[in-house]
Amino acid sequence: MSIETLAAPTALKRMFYREAIARAMREKMMLDERIIILGQDVGSFGGSYREFDGLFETFGPQRVRDTPVAEAAMIGIGVGAAAAGLRPLVSITYMDFIMLGLDPLVNYGAKVRYKTGGQLTAPVVVKLTAGAKGQGVAHSQCIEAWLMGVPGLRVVAPSTPADSYGLMRTALDCDGPVVFVDHKRLFPIPGDVPVEPTDTPFGKAAILRAGSDVTITTHSFMTRVAMEAATALARDGVSCEVIDLRSLAPLDIETVAASVGRTGALLTLEEGQATCGVGAEVIAQVQTQLGPMPFARVGALPAPVSSNPVLEAACVPDAERVCAAVRQLLRLG
Amino acid sequence: MIYKLSVPVVADDVEEFRVLEWHGVVGDKFEPDGLIVELETHKAVVEVRAGQKGLFRQIFVEDGAWCQINVPLALFSDEPDEALPEAAEGAYDLVVDFDVT
């Protein structure tokens, strides 16, 4: 199954998701020696998901630094080093453990520009890998919704190798803290990436599939679930427009609102909790622009995600659940 | 006998992989434990080693190209003059070991 994007560039190279990240890192690290990497197994091991493969060999231990499992310290050091003039990327293997580093990330990283009247900023990229993949309640969470509303923090979540490459390049150029959210289940999936160095802008969603009956907004691994559901629904004559948000803060509500203006109905899909989730924000903002319309949210069931595969599958949204939600939203039988 | 090589479902959600390097060309013979091809998944490099004798007859997926699981990568045979089938899928599976490096 392939995901189509609008405006495909001419020369493309197929690569794994991890290779796209490593490529973005390499290109930017060659140009800017202030960029360093901190994290577990980022050095000679090449990254927990091999997403920093080869960088240690090229840039050495001063710039690619293994850290102990100490997320509060890693983020504290990353944010402080950023304020002092470096441009660190802090790699947290599981998104769940950002919780340990929320204070330095939010209370210092996101706020330092405000606190110092612009004299200091913290250009740090905090890379987190979210998602359920058999590893249980403390290694499965998708909590990007917790971070979207933090003033001063940008949050992006690519769903393809091309977007992981482009968004990482943009993140490394940013003037403030960026949370970059991968997903464990995206790493096995290769995709085509532009051969020419290309940035993906923040605040710009991508329409993956044009449709006329309902707009489905989503991000990260759930884009694949949305596309699977759209294919299934098309067989029943229901036309879904699927939008990959890509950027959660800033959110591209213009693209979503324009789409919902055409389709008349909005379904939001996320792997995280629906309560106070990404979808809740999208719906509120779209309705602020367009007024009321039929809407529905699909998210994980309100339970921690078990390592038991049956329970995990029951908790995390799948194409079947999305199809049922669309049918209910559109009041089809 | 004609044999095909395809990569079965292995761990880690591997659906698509890259062929890194064939260690033989059409006509080359191999013995048990000979290295046939190196593949790359999202996690690791995989050495495909022969579990039988044979020789290379036809390569469908070249070095650097991508392939899906369960799709034939190449055909092999016991003897050089055995006729190749129309459809590779019907051939027996080459006996191989997949060594994850």
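This is a predicted model: local features need pLDDT of at least 70, side-chain atom pairs count only at pLDDT 80 or more; totals for chains, interfaces and linings use all residues.
**Entry 1**

I started with the strands of chain A. Seven of them form an open sheet, and I wrote down the order as S3-S2-S4-S5-S7-S6-S12. The pairing in this sheet is mixed. Which strands sit at the edges? They are S3 (64–66) and S12 (247–249) of chain A, each of which pairs on one side only.

**Entry 2**

Strand S2 of chain A covers residues 35–39, and three bridges join it to S3(A). The two strands run parallel. For one of the residues I noted the partner: Gly39(A) has Asp66(A) in S3(A) as its bridge partner.

**Entry 3: a helix on the sheet**

Then I asked what H3(A) packs on. It lies on the sheet, where it touches S2, S4 (87–92) and S5 (125–130) of chain A. The direction of H3(A) makes about 165° with that of S4(A).

**Entry 4: H3 meets H4**

H3(A) also has a helix partner. I first reminded myself that two packed helices are described by the angle between their axes and the distance between the axes. Helix H3 (residues 71–83) and helix H4 (residues 102–110), both of chain A, pack at an angle of about 15°, and their axes are 9 Å apart. That angle makes H3(A) roughly parallel to H4(A), because angles under 35 degrees count as such. I put the crossing of the two down as right-handed.

Which residues meet here? From H3(A) I listed Ala72(A), Ile75(A), Gly76(A) and Val79(A). Across from them, H4(A) brings Pro104(A), Leu105(A), Tyr108(A) and Gly109(A). Sorted by type, the residues of this contact are six nonpolar, two polar and no charged.

**Entry 5: where A touches B**

I moved on to the contact between the chains. It takes eight residues from chain A and eight residues from chain B. On the chain A side, I found four nonpolar, no polar and four charged residues.

**Entry 6: chain B by itself**

How many helices and strands does chain B have? I got zero helices and ten strands, so from the N terminus on the elements read β-β-β-β-β-β-β-β-β-β. Its C-alpha atoms fill a box of roughly 40 × 25 × 20 Å along the principal axes. Last, I checked the radius of gyration: a compact globule with 101 residues would have one near 13 Å, and chain B, with 13 Å, agrees.

Conventions. Residues are numbered from 1 along each chain as its sequence is written. Chains are lettered from A and ligands numbered from 1 in the order in which they are written. Axes are lines fitted to C-alpha atoms, for helices over the stretch in contact, and angles run from 0 to 180 degrees between N-to-C directions. Helices (H or I, at least four residues) and strands (E, at least two) are DSSP runs, numbered from the N terminus. Angles under 35 degrees count as roughly parallel, over 145 as roughly antiparallel, 65 to 115 as roughly perpendicular and the rest as oblique. A crossing is left-handed if the near helix is turned anticlockwise from the far one by less than a right angle, and right-handed if clockwise. Two residues are in contact if their C-beta atoms, placed from the backbone, lie within 7 Å. Ala, Val, Leu, Ile, Met, Phe, Trp, Tyr, Cys and Pro count as nonpolar, Asp, Glu, Lys and Arg as charged, and the others, Gly among them, as polar. Two strands pair if DSSP finds at least two bridges between them. The radius of gyration is taken over C-alpha atoms; the globule rule is 2.2 Å times the number of residues to the power 0.38.
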